[in-house]
Amino acid sequence: MKCTHKTGIVLLWVFFVSHVFAQISGFPAKGDASKYYNDPVIKEKVEKLLSRMTLEEKIGQLTLFAAKGIITGPGESGNIEEFIRKGQCGNIFGTKTVEDVIRLQKIAVEESRLKIPLLFGFDVIHGFKTIFPVNIGISASWDMEEIERFAHVSAEEASAAGLNWTFSPMCDISRDPRWGRVSEGCGEDSYLASHITAAMVKAYQGNDLKADNTILACVKHFIAYGAAEAGRDYNTVDMSERVLRDIYLPPYRAAIDAGAATVMTAFNEYDGIPVTANRFLLKKILREEIGFNGFVVTDFTAINELIPHGIAGDSLQAAQLAIDAGVNVDMVGNVYLFYLKQLVNSGKVSMETIDKLCGEVLKFKYYSGLFDDPFRYCKKQQSTCYYKDEYLESARNMAKKSMVLLQNNNGALPIAKGQKIALIGPFADTTREMLGSWAIAGEPSKTTTFFKGLQMRFGKENVFMEQCCKPDAEIENGFDKALKLAEQSDVILLTLGLPQSWSGEAASLTSIRLPELQTSLLREIKKAGKPIVILLVTARPLDLSQETELADAILVTWNPGTKAGEALADVLSGDYNPSGKLTMTFPRNIGQIPVYYNHKNTGRPVGFQSSSNQKYTSCYLFTPNEPLFPFGYGLSYTTFEYSDIKVKNPVAEEGDTVVVSGYVKNTGKVAGEEVIQLYIRDLIGSVTRPVRELKGFRKIFLQPGESKEVTFLITPDDLSFYRADMTFGQETGEYHVWIGGNSNATLQSEFEIK
Ligand code: GLC
């Protein structure tokens, strides 16, 4: 975007662009989600239907069963068919084939009294059949177009299986890699995560929920599940309301502002009250402030868990607390099913409440077109709808764009043609591990392994493989065979990392180092004296402090999905120049956790003391504060230079959009993509402010020697936060602003809001 330099024209342009930009930027302005889902015609149909329903049938619409064999939590649903027939189960999750959907839907619409169609949900979080990288990898692409394509492909394939609802996007910010579910999110930054979650909702839901290739989104896990103490899943969450609103709320809100139809409650408590019974969160924030007009489903048996949480003495009280908080649907817990009727009959829950909650579920069966045609999602020929070439192409593109090059010493990468390649380690030729966690409908048999992908690209005569060990167990003579192969090769690709079962739900770790066996393998292979490239298969940040010393290059592949092998070959050969950037900090060691880029300055920051004695500053005795690899970091096979940062309106008024531009040049020998990032710092506020905050990013492609001017608009919303009086807004004062290729960007300028 070019800018003119005549002040008057610029300011006029600024006003025009900021106004238009705010409307078309794709990042939803902080709107009122209550504008969604108010169709009066549907409202009337719902009311008519409610008037014909018994209390049991209404409670049935507030019940969600897991399909047979789906265990994503502690327990299974009972005899699904019987409850559907009686109208006492209105929603199912976990069916994997359209035949399953048709069978259950037929019972609902042919055998139940009112023939109300079922909603079918599923955890389609990084693909359904065509599996994309785990979500933390997807976020590392910073590529909004690819992200929309991934979500669109997910909706296409999931709907072809008869599904009309996905439990995605996961919007949980997390700063703690001990927590296994960082794999499912968008990293540590609210601004980036908000863009991603909003884009996913729009791509899942499209412009017409009745279309047979769109599915309802589900914003999860509301709220702050990623802040579980000690990174231990399901653990206590406790934080100030300010941190909740400034850091954790934005991605949920952006997704809801983008029109998300449903929200899932988190397992954790917040401020002493479990989310599933928390009226402050579910009524005041979600319904009143954000204007959410969809329905709320609990996470797996979360109502039942109010008992062990210690705020309900029994299921009857748990049901009361959840219904009073406005929870619509009980996932698998059967608490509503067995206790709501008693609460209504005893006058503790009004029929008006039941009608409201039930109506919010029924309306989406109208919006999805299921009343017009309950089998509308069951008509596509599944065999032709899965793994289409363009879907696989998208998965390959996303996988290669998600990979992050952390280190590349001595020109180890890219690998030149004709080199003899030794591919060694536990992930060298595995399919299932490539798919990562939450790939329930994925098919390992359809997955290209690293070994296969490299052979296809470099030729079988140049690629040799030794698995040599399991992720945490030796294979007899494995190391000897590996060393021998290494000695006969020109370059060694060492596939290290964590098994996919060590990430995702209920997969918390107290160490973020690689299994010692793998570090020993690295040391052993080092004896061969050849260049070593670590291919890191992981779904969370790891402590690579030893590996960086021992290896020449480190490429984070994440769990790259169905097209793992091709995407890896694209990157290692240089056919694709790696462009991924970390969306979560990689600590030096676990002792630094939580460590994240947008931290506060404290009253004694390092460097605060004028003397060289930094003892009485906020630091550790034997470890620097800086992480090993910061947020936003990732290398390329080329280099980029930033220059000439300019603030078009360095003295602006409250309400103005500040326009910042800069130049980025490809100063290397190969073309490549760069994620240009813009950070600000609010120097003085009514509350302490982060030392950096991401407020803009753009991914652009540059030929060698090419230079481009990039312009960012910093809106009043971007500068707003929860101030000392807990109102949301901006403040006057001075700001620093940086543009660069990671959160340590140095090209700086300033502006002031008067
Ligand atoms: C699980 C997860 C949630 C998932 C749900 C259904 O417990 O917490 O993310 O959507 O159950 O599988």
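Biologist: Which residue's side chain is joined to that of Asn293 by a polar contact of 2.8 Å?

Modeller: First, this is a predicted model, with local features needing pLDDT of at least 70 and side-chain atom pairs pLDDT 80 or more, while totals for chains, interfaces and linings use all residues. Residues are numbered from 1 along each chain as its sequence is written, and side-chain values use heavy atoms, leaving out hydrogens and water. A polar contact is an N or O pair within 3.5 Å, within protein one able to donate a hydrogen and the other to accept it, with sequence neighbours counting only if both atoms are side-chain atoms. For the side chain of Asn293, the partner at 2.8 Å is the side chain of Asn38.

Biologist: And which residue has its backbone oxygen 2.9 Å from a polar atom of the Asn293 side chain?

Modeller: Asn293 sits in the loop between α10 (279-289) and β9 (295-297); helices (H or I, at least four residues) and strands (E, at least two) are DSSP runs numbered from the N terminus. Leaving aside residues up to four places away in sequence, Asn293 touches (heavy atoms within 4.5 Å) Ala33, Ser34, Tyr36, Tyr37, Asn38, Arg287, Lys363 and Phe364. The backbone oxygen at 2.9 Å belongs to Tyr36.

Biologist: Is Asn293 buried or exposed?

Modeller: The relative accessibility of Asn293 is 17%. Buried is under 20%, exposed over 50%, partly exposed in between (1.4 Å probe, protein chains only). So Asn293 counts as buried.

Biologist: How far apart are the C-alpha atoms of Gln382 and Pro117?

Modeller: Along the chain, Gln382 and Pro117 are 265 residues apart.

Biologist: Now the helices: which residues of α8 meet α7?

Modeller: Helix α7 covers residues 144-160 and helix α8 covers 190-205. On the α7 side, the residues are Met144, Ile147, Glu148, Phe150, Ala151, His152, Ser154 and Ala155. Meeting them from α8 are His195, Ile196, Ala199, Met200, Ala203 and Tyr204.

Biologist: Which residues of α22 meet α18?

Modeller: Helix α18 spans residues 450-458, while helix α22 spans 564-572. From α18 come Phe450, Gly453, Leu454, Met456, Arg457 and Phe458. In α22 they meet Ala564, Gly565, Glu566, Leu568, Ala569 and Leu572.

Terms used:
Axes fitted to C-alpha atoms, helices over the stretch in contact; angles between N-to-C directions.
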